[in-house]
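This briefing is intended for reading beside the sequence and the coordinates. Please keep both in view while going through the points.

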Amino acid sequence: NYPEAILVFILPPSMKVLRNRLINRGTDDLQVIEKRLGDTINELGFIEKYNYCVVNDDLDEAVAKAKDIIKGENLEKYKVSTKITDIVNRYKEEVK
């Protein structure tokens, strides 16, 4: 446990987008990609332990948001809140 750590969860815009990104990289076969998607769903179960989350929809925007968090700016926008449950549930539905 690291009380001084700031934990940032980087989310894909959707599981479909994440799947397409992994396929388009061309580095893993479909079986590995499906396992990674399953691992992602499991990792989402820990999101409430994080302080902030950033959706990586656009790389430049995601980097800017991460920089905001590191600099301590606009933090409330990125806080993990109870609304995150809706996102997690949506992702789980996408992989069914």
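The model is predicted. Its protein chain holds 5 helices and 2 strands, arranged along the sequence as β-α-α-β-α-α-α. Of its 96 residues, 27% count as buried.

**Overall dimensions and contacts**

- Taken along the principal axes, the C-alpha atoms of the protein chain fill a box of roughly 40 × 25 × 25 Å.
- The accessible surface of the protein chain is about 6900 Å², and carbon and sulfur atoms contribute 51% of that area.
- Among contacts in the protein chain with a separation of 6 or more, 69% join residues 24 or more positions apart.

**The strand pair**

- Strand β1 (8-11) pairs with strand β2 (residues 52-55) in the parallel sense, over 4 bridges.
- Within this pairing, F9 has C53 of β2 as its bridge partner.
- In a regular strand, side chains alternate between the two faces of the sheet.
- In β1, F9 and L11 belong to the covered face, while V8 and I10 belong to the uncovered face.

**Helix α2**

- Helix α2 spans residues 30-44, 15 residues in all, and its first and last C-alpha atoms lie 21 Å apart, close to the 21 Å expected at 1.5 Å a residue.
- Its buried residues are I33, L37, T40, I41 and L44. These residues share the same side of α2, because they cover an arc of only 95° around the axis.
- The face turned away from that buried side carries the exposed residues Q31, K35 and N42.
- The cover over the buried residues of α2 includes β1, α1 (15-25) and α5 (84-94).

**Helix α3**

- Helix α3 comprises residues 59-71, which is 13 residues, and reaches 18 Å between its first and last C-alpha atoms, close to the 18 Å expected at 1.5 Å a residue.
- A62, D68 and I69 are the buried residues of α3. Viewed down the helix axis they fall within an arc of 115°, so they line one face of α3.
- L59, D60, I70 and K71 are exposed on the other side of α3.
- Elements covering the buried residues of α3 include β1, β2 and α4.
- D58 caps the N-terminal end of α3 through a side-chain oxygen that lies 3.2 Å from the backbone nitrogen of D60.
- G72 follows α3 and has a positive phi, near 80°.

**Y91 in helix α5**

- Y91 is located in helix α5. Y91 counts as buried because its relative accessibility is 1%, and the cut-off for buried is under 20%.
- Not counting residues up to four places away in sequence, Y91 touches L11, P12, P13, S14, M15, I41 and L44. Of these, I41 and L44 are among the buried residues of α2, and L11 is on the covered face of β1.
- A polar atom of the Y91 side chain lies 2.2 Å from the backbone oxygen of P12, and the Y91 side chain reaches the backbone oxygen of P13 at 3.4 Å.
- Y91 and L37 are 54 residues apart in sequence, yet their C-alpha atoms are 10.0 Å apart in space.

**S14 in the loop between β1 and α1**

- S14 sits in the loop that joins β1 and α1. With 14% relative accessibility, S14 counts as buried.
- A polar atom of the S14 side chain lies 3.0 Å from the backbone nitrogen of V17.
- Leaving aside residues up to four places away in sequence, S14 touches Y91 and E94.

**V80 in the loop between α4 and α5**

- V80 is placed in the loop between α4 (75-78) and α5. A relative accessibility of 17% makes V80 a buried residue.
- Residues up to four places away in sequence aside, V80 touches I47, E48, Y50, N51, Y52 and C53. Among these, C53 is the bridge partner of F9.
- V80 and N51 are separated by 29 residues in sequence and by 5.7 Å in space, C-alpha to C-alpha.

How values were computed
Residues are numbered from 1 along each chain as its sequence is written. This is a predicted model: local features need pLDDT of at least 70, side-chain atom pairs count only at pLDDT 80 or more; totals for chains, interfaces and linings use all residues. Side-chain values use heavy atoms; hydrogens and water are left out. The expected span of a helix is 1.5 Å times one less than its number of residues. Buried means under 20% relative accessible area, exposed over 50%, partly exposed in between (1.4 Å probe, protein chains only). The arc is that of the directions from the helix axis to the C-beta atoms. Contact means heavy atoms within 4.5 Å. Accessible areas come from the Shrake-Rupley method with a 1.4 Å probe; for residues, only the protein chains shown count as cover. Two strands pair if DSSP finds at least two bridges between them. A polar contact is a pair of N or O atoms within 3.5 Å; within protein, one must be able to donate a hydrogen and the other to accept it, and residues adjacent in sequence count only if both atoms are side-chain atoms.
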